[in-house]
Amino acid sequence: VAGISGVTVRLLDALEQEVDTAVTAADGSFTFADLQPGSYTLAETDPAGYVSTGVNQINVTVASGQESDGHVFLDAQPGSIGDFAWEDLNGNGLQDQGEPGISNVVVRLTDTEGNEISTNLTDTAGAYAFTNLVPGVYFVQILYPPGYTGTVAYVGADATVDSDGDAAGWSWPILVASGEARDDVDFGFYRPARLYGYAYQDADT
């Protein structure tokens, strides 16, 4: 785990008055010395470009002569999930050259328990994005646009051009690491075609 330098940590007393301020070193460490025994709160200010994955305040009580260590703040760079809803004109489950995006399709982002985090609409090019995400595991569900059916999913070895939705429009679990952009969660659809003809009695034979 890499430390983060330049993070501001404030030391507050029992009345929440600021006693001192420290800035983390290159290895992420900080120190407050020469403290009177008593109860304190360590309060971290998230560094620019990071989001907290743990608490921002830690309550600490120190006795006379005690060294209290192991107090850790966890931060990560936000990630994102997104890409494309498209019309699969040939029904092969892959984004082929010239196949158009589908606009105004509802896309939902949920946690692993199915709780909705955010909702998005695809733009005029069929693109969507969920940004500023805390690293973790997510699901994406796309609601079928009227008149369309989901194409075959998970075709081929290239995850950037296949369709990732099951019969109900749900993706597989999506792991987003710190600072990662998961721009490979796509959904393909086609409009059902119709084939018809006739069977006639051939009276001339």
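**Exercise 1. Identify the strands in which confidence is lowest and highest in the chain.**

Solution. The model is predicted, and the pLDDT values are therefore examined at the outset, pLDDT being the predictor's confidence in each residue. The lowest confidence in the chain falls in strand E4 (residues 51-52), with a mean of 86. The highest belongs to E8, at 98. Over the chain, the mean pLDDT is 94, and 99% of the residues reach 70 or more.

**Exercise 2. Determine which residues have the most contacts inside the largest nonpolar core, and which elements give two or more residues to this core.**

Solution. The largest nonpolar core comprises 18 residues, and Ile81, Tyr128 and Val140 have the most contacts inside it. Two or more residues of this core come from each of strands E7 (79-87), E8 (106-110), E10 (127-133), E11 (136-142), E13 (174-176) and E15. Another core, of 10 residues, lies apart from it and includes Val9, Leu11, Phe32 and Val62.

The next step is to inspect the contacts of Val140. With residues up to four places away in sequence not counted, the contacts of Val140 include Ile81, Val107, Leu109, Tyr128, Trp170, Ile174, Val185 and Phe187. Arg108, Gly169 and Ser171 are also touched by Val140.

**Exercise 3. Locate Tyr196 and decide whether it is buried or exposed.**

Solution. Tyr196 is found in the segment after strand E15 (187-190). Its relative accessible area is 60%; because exposed means over 50%, Tyr196 is classed as exposed. Together with Tyr198 and Tyr200, Tyr196 makes a nonpolar surface patch of about 520 Å².

**Exercise 4. Describe the setting of Gly6 and its separation from Gly65.**

Solution. Gly6 is placed in the segment before strand E1 (8-12). Its relative accessibility of 49% makes Gly6 partly exposed, because the exposed class requires over 50%. Leaving aside residues up to four places away in sequence, Gly6 touches Val23 and Thr24. Between Gly6 and Gly65 there are 59 residues of sequence separation and 28 Å in space, C-alpha to C-alpha.

**Exercise 5. Compare the backbone setting and exposure of Asn132 and Tyr154.**

Solution. Most residues other than glycine have a negative phi. Asn132 has a positive phi, near 55°, and Tyr154 likewise has a positive phi near 55°. Asn132 is situated in strand E10, whereas Tyr154 belongs to the loop between strand E12 (149-150) and E13. As for accessibility, Asn132 is exposed at 54%, while Tyr154 is partly exposed at 27%.

Conventions: Residues are numbered from 1 along each chain as its sequence is written. This is a predicted model: local features need pLDDT of at least 70, side-chain atom pairs count only at pLDDT 80 or more; totals for chains, interfaces and linings use all residues. Side-chain values use heavy atoms; hydrogens and water are left out. Patches are made of residues with over 30% relative accessible area and no salt bridge: like charges are joined within 9 Å, nonpolar side chains (Val, Leu, Ile, Met, Phe, Trp, Tyr) within 5 Å. Accessible areas come from the Shrake-Rupley method with a 1.4 Å probe; for residues, only the protein chains shown count as cover. A salt bridge is a side-chain nitrogen of Lys or Arg within 4 Å of a carboxyl oxygen of Asp or Glu. Helices (H or I, at least four residues) and strands (E, at least two) are DSSP runs, numbered from the N terminus. Buried means under 20% relative accessible area, exposed over 50%, partly exposed in between (1.4 Å probe, protein chains only). A nonpolar core is a set of buried Ala, Val, Leu, Ile, Met, Phe, Trp, Tyr and Cys residues joined through side-chain atoms within 4.5 Å. Contact means heavy atoms within 4.5 Å. pLDDT is the predictor's confidence in each residue, from 0 to 100.
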